[in-house]
Amino acid sequence: MRRARGGDGRGCSSMAASALGSSSGSPSPAVAELCQNTPETFLEASKLLLTYADNILRNPNDEKYRSIRIGNTAFSTRLLPVRGAVECLFEMGFEEGETHLIFPKKASVEQLQKIRDLIAIERSSRLDGSNKSHKVELSQQPTASTQLSTTQSPSPVGLTQHPGNGQGQPSTPLSAPMVTANSTILKMLQSNIQHVLVYENLALQEKALACIPVQELKRRSQEKLSRARKLDKGTIVNDEDFLLLELLHWFKEEFFHWVNNILCSKCGGQTRSRGDSLPPSDDDLKWGANRVEDHYCDACQFSNRFPRYNNPEKLLETRCGRCGEWANCFTLCCRALGFEARYVWDYTDHVWTEVYSPCQQRWLHCDACEDVCDKPLLYEVGWGKKISYVIAFSKDEVVDVTWRYSCKHEDVISRRTLVKEELLRETINGLNKQRQLSLSESRRKELLQRIIVELVEFISPRTPKPGELGGRVSGSVAWRVARGEMGLERKETVFIPSENEKISKQLHLCYNIVKDGYIRVSENNQAISGWENGVWKMESVFRKVETDWNMIKSFTPIMIFLVSLKLFWKQN
């Protein structure tokens with residue numbers, strides 16, 4: 001975690017510089033480094049550093065203040081990216097553990113106070129806006145402020161464990177470079193690149209595996225793979241791909257459940273969300289629930305708490321939530337089963353997972369909420385979302401995958417106005433460069449080859465598949481309507497006989513399976529494009545093109561997904 005950075009022209013005030021010393025023999029190189037940040041970054045980071053120090057100085061014998069969980073949101077977003085901030089903690093006496101920074105019993109409280117006071121001098125000077133001497137409130141009389149509790153349970157964030165890095169050896173990931181621009185997108189990059197490391201904790205993966213009926217899922221996948229190979233001998237999918245499909249289905253149907261409104265914990269009746277947030281408890285914060293919804297029961301006038309947990313370890317226990325909780329927990333389950341997985345964030349308020357298929361040598365879109373795989377245009381075409389930014393995060397990289405999820409690239413470009421494209425690209429490249437420093441040369445080469453394949457994929461917009469045309473399934477109707485995700489309403493096709501057809505008493509319609517179109521022979525050979533535009537109603541049927549066989553087949557789902565086929569033509 002320790003890192004060295006060059007200067008950028010910023011510096012300490014004269015008062016702090018005097019205290020720190022201007023030579024290479026400065027009593028605190030870390031504080032000097034901290035001073036190199038922008039004023040806003042320095043003030044925010046120094047406030048948290050002082051809080052950590054003051055908690056220990058006020059409560060020297062309280063163990064809960066002597067450890068800082070590395071996965072803690074405040075630490076990972078407000079200190080970890082800031083130059084000199086973590087180094088200040090080390091100079092105070094903190095030592096790096098596997099999941100926490102620890103201030104050990106043997107550490108010098110005097111050294112902690114010394115570094116604390118140097119930071120306080122500089123902070124006071126900057127707040128007062130001059131280089132004159134100022135009265136600094138030292139640690140014996142700390143400022144009255146809300147203490148930031150660092151009380152945490154044993155953390156699931158195993159930052160030193162990377163079983164999937166191609167070496168099979170533990171490695172220490174480096175922190176991401178600082179993101180200074182005031183942008184929602186860039187701040188999200190910083191937050192999520194740290195969050196996905198939680199999935200690499202081996203103990204947490206074991207906990208997830210204990211919840212998954214692995215052998216049963218493998219049995220089901222083998223049966224369906226065998227059946228698929230008999231029906232489609234040219235299939236390129238393998239047992240891993242079918243296991244992924246079984247995991248998706250099990251997760252939605254048997255493990256996790258969607259929450260619209262919770263049942264009242266007092267009387268068991270229905271509640272309604274009042275739209276207000278309740279203050280999170282210490283236990284809520286411990287599990288990443290910074291927001292707690294208020295679900296009110298009209299029957300007994302009781303206010304129920306629904307914490308929105310952001311820690312997948314807790315979600316293995318609660319097994320409920322909305323898309324954020326679903327994607328968070330499902331991504332962990334994928335990693336537990338050995339899949340390479342990405343957590344995917346969409347600016348238009350949705351999240352899901354991508355899983356890499358070695359057999360197909362590409363990333364597969366997986367949405368556990370919908371139990372769908374490899375239908376990336378579902379959101380834009382089916383739900384009607386206005387895609388703008390879609391970013392994928394894994395332990396090794398960050399990738400802008402927006403173009404996989406859109407077939408309307410020009411429209412997407414017109415909506416990408418939140419951050420300059422050059423800045424976004426440079427930020428992602430910087431994050432990847434730092435994250436991959438600890439990887440082997442072969443692993444970095446593998447990631448480069450994959451990203452080249454992805455970029456080629458992104459160049460040409462996709463054509464929507466029938467399975468991507470439907471609206472959203474998860475959530476209540478009211479919730480889906482409010483979010484505009486019901487999809488486009490499909491009109492039923494009805495053929496009304498023309499006067500000539502009535503006279504001849506014949507309606508002749510012919511479908512060409514190669515050209516995928518109808519010819520209405522009895523109406524001057526009128527052309528109708530698309531097989532779905534000639535049926536009254538359909539359920540679960542699609543047209544598959546086998547380009548390598550130079551053939552086109554109508555595949556029923558009994559051959560592919562083992563569900564029943566319904567196809568209707570309405571006759572008078």
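The following questions and answers examine how terms are applied to this predicted model.

Q: What is the overall make-up of the protein chain in helices and strands?
A: The protein chain has 20 helices and 21 strands. Of its 572 residues, 48% are buried. The chain exposes about 28000 Å², of which carbon and sulfur atoms supply 52%. Among contacts with a separation of 6 or more, 65% join residues 24 or more positions apart.

Q: Why is cysteine 35 called buried?
A: The term buried requires a relative accessible area under 20%. Cysteine 35 has a value of 0%, and therefore counts as buried. Cysteine 35 is found in the loop between helix H2 (29–34) and helix H3 (39–58). Its C-alpha lies 9.6 Å from that of serine 46, a residue 11 positions away in sequence.

Q: Why is isoleucine 452 called partly exposed?
A: Partly exposed covers values between the 20% limit for buried and the 50% limit for exposed. Isoleucine 452 has 45% relative accessibility, and so it counts as partly exposed. This isoleucine 452 is found in helix H17 (residues 441–459).

Q: What makes Leu448, Ile452, Val456 and Ile459 a nonpolar patch?
A: Patch members need over 30% relative accessible area and no salt bridge, and nonpolar side chains are joined within 5 Å. Together, Leu448, Ile452, Val456 and Ile459 have about 400 Å² of accessible area on the surface.

Q: Which residues have the most contacts inside the largest nonpolar core?
A: They are Leu189, Leu244, Phe251, Phe330 and Phe393, in a core of 55 residues. Helix H13 (residues 323–336) gives the largest share of this core, nine residues. Apart from it lies another core, of 36 residues, including Leu34, Leu80, Phe94 and Leu112. In soluble globular proteins, nonpolar side chains tend to be buried together.

Q: What is phenylalanine 393 in contact with, leaving aside neighbours within four places in sequence?
A: The partners of phenylalanine 393 include Met188, Leu189, Asn192, Ile193 and Val196. Ala341, Arg342, Tyr343, Trp345 and Val398 are also in contact with phenylalanine 393.

Q: Why is the pair of tryptophan 250 and phenylalanine 251 called edge-to-face?
A: Ring centres must lie within 6.5 Å to form a pair, and planes over 60 degrees apart count as edge-to-face. The centres of these rings are 6.3 Å apart and the planes stand at 70°, so the pair is edge-to-face. Both tryptophan 250 and phenylalanine 251 are buried.

Q: Why is the pair of tyrosine 511 and tyrosine 518 called tilted?
A: Planes under 30 degrees apart count as stacked and those over 60 as edge-to-face, the rest being tilted. The rings of tyrosine 511 and tyrosine 518 have centres 5.0 Å apart and planes at 50°, so the pair is tilted. Tyrosine 511, with a relative accessible area of 28%, is partly exposed, whereas tyrosine 518, at 6%, counts as buried.

Q: How do you know that glutamate 122 forms a salt bridge with arginine 126?
A: The rule asks for a side-chain nitrogen of Lys or Arg within 4 Å of a carboxyl oxygen of Asp or Glu. For glutamate 122 and arginine 126, the closest N and O atoms are 2.4 Å apart, so the pair qualifies. Both residues lie in helix H6 (residues 109–128), four residues apart, about one turn of the helix. Glutamate 122 is buried, with a relative accessible area of 1%.

Q: What makes glutamate 293 and arginine 322 a salt bridge?
A: The closest N and O atoms are 2.7 Å apart, and the limit is 4 Å. Both glutamate 293 and arginine 322 are buried. In the whole structure, 43 salt bridges are found.

Technical notes
Residues are numbered from 1 along each chain as its sequence is written. This is a predicted model: local features need pLDDT of at least 70, side-chain atom pairs count only at pLDDT 80 or more; totals for chains, interfaces and linings use all residues. Side-chain values use heavy atoms; hydrogens and water are left out. Patches are made of residues with over 30% relative accessible area and no salt bridge: like charges are joined within 9 Å, nonpolar side chains (Val, Leu, Ile, Met, Phe, Trp, Tyr) within 5 Å. Accessible areas come from the Shrake-Rupley method with a 1.4 Å probe; for residues, only the protein chains shown count as cover. Helices (H or I, at least four residues) and strands (E, at least two) are DSSP runs, numbered from the N terminus. Buried means under 20% relative accessible area, exposed over 50%, partly exposed in between (1.4 Å probe, protein chains only). A nonpolar core is a set of buried Ala, Val, Leu, Ile, Met, Phe, Trp, Tyr and Cys residues joined through side-chain atoms within 4.5 Å. Contact means heavy atoms within 4.5 Å. Rings of Phe, Tyr and Trp (its six-membered ring) pair if their centres lie within 6.5 Å; planes under 30 degrees apart count as stacked, over 60 as edge-to-face and the rest as tilted.
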